[in-house]
Amino acid sequence: MAELWSPSTSIYTLLLVGWLLTGPSGAVRITSGGPQTIYVAEGDNILISCVFELDSGDAGELDIEWAMINPDTTERDVVILTYVHGQVFDYPSVFRSRFSFVESDPTQGDASVSVLALGISDTNTFQCKVKKAPGIDTRKVTIGVHVRPQVPRCWADRSDQNVVLHCHSEVGSPPLTYTWDRISGGTQGMPQSSTTGTGGCVQWYSGAAGTVYLNR
């Protein structure tokens, strides 16, 4: 028996397809910008931003989740901190008591967190997920923790009129960058005759110099 066609059936089908393509009107939107990768030194504290806006169509319960992304996609991510049903839950993890919301009431649109005393093993990608049905949005930020360089060992080699200054730090996450500058004796800056080599080495003719050093 042939199926009967009617205009009302076609209109209903078009409406259903249109709803499936466009999705619900509600839309949580995380508005935080800034770099997606942040480098800090070991022992530093950091604030990871997650500011969001809600849509009038978002009518469900507000659910905020911070998690550490597992590099193995077959494994679950590690949930660190959540806000659900009006309560904050601090889950057992290496970040327990070091990972907290900046604002006491995240429902006001700020789910940013502070992370204390970062260590090398804390290097990872973190995700902020904000849900309020039917809206949902996420933001990922990668934190790279570097070892602080120690005070470098510096020495000078002299040959005739040439002077070669060396500085080297045994500790510090690569790449280490060495910057030389004159701190006394004549005008500021290195002499025009100076040339910079690799590994904190500079060669020139006369004067005095100091060094500053950094990870990146």
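Me: What is a salt bridge?
Reply: A salt bridge is a side-chain nitrogen of Lys or Arg within 4 Å of a carboxyl oxygen of Asp or Glu. Keep in mind that this model is predicted.

Me: Why is the contact of R148 with D44 called a salt bridge?
Reply: The closest N and O atoms of R148 and D44 are 2.4 Å apart. The cut-off is within 4 Å, so the pair qualifies.

Me: What does the pair of R148 and D44 tie together?
Reply: R148 lies in the loop between β11 (135–146) and β12 (153–159). D44 lies in the loop between β2 (37–41) and β3 (46–48). The pair therefore ties together parts that are 104 residues apart in sequence.

Me: Why does R148 count as partly exposed?
Reply: R148 has 43% relative accessibility. Buried means under 20% and exposed means over 50%. R148 falls in between, so it counts as partly exposed.

Me: And why does D44 count as partly exposed?
Reply: D44 has 25% relative accessibility. Under 20% would be buried. D44 is therefore partly exposed.

Me: How many salt bridges does the structure hold?
Reply: It holds four. One of them joins R29 and E53.

Me: How do you know that R29 and E53 form a salt bridge?
Reply: Their closest N and O atoms are 2.9 Å apart. R29 lies in strand β1 (residues 29–30) and E53 in strand β4 (residues 52–53), so the pair ties together parts that are 24 residues apart in sequence.

Me: Are R29 and E53 buried, exposed or partly exposed, and why?
Reply: R29 is at 46% relative accessibility, and E53 is at 41%.

Me: What makes D63 and K131 a salt bridge?
Reply: The closest N and O atoms of D63 and K131 are 3.8 Å apart. The limit is within 4 Å, so this pair also passes. D63 is in strand β5 (residues 63–68) and K131 is in strand β10 (residues 124–132), 68 residues apart. At 34% relative accessibility, K131 is partly exposed.

Me: How do you know that β5 and β10 pair?
Reply: Six bridges join β5 to β10. Pairing needs at least two, so these strands pair. They run antiparallel. E65 stands opposite K129 in β10.

Me: Why is β6 also said to pair with β5?
Reply: Six bridges join β5 to strand β6 (residues 78–84). At least two are needed, so β5 and β6 pair. These strands run antiparallel, and M68 stands opposite V78 in β6.

Methods
Residues numbered from 1 in each chain as written. Predicted model: local features only at pLDDT ≥ 70, side-chain atom pairs only at ≥ 80, totals over all residues. Heavy atoms only, no water. Helix = DSSP H or I, 4+ residues; strand = E, 2+ residues; numbered from the N terminus. Buried < 20%, exposed > 50% of the residue type's maximum accessible area, 1.4 Å probe, protein only.
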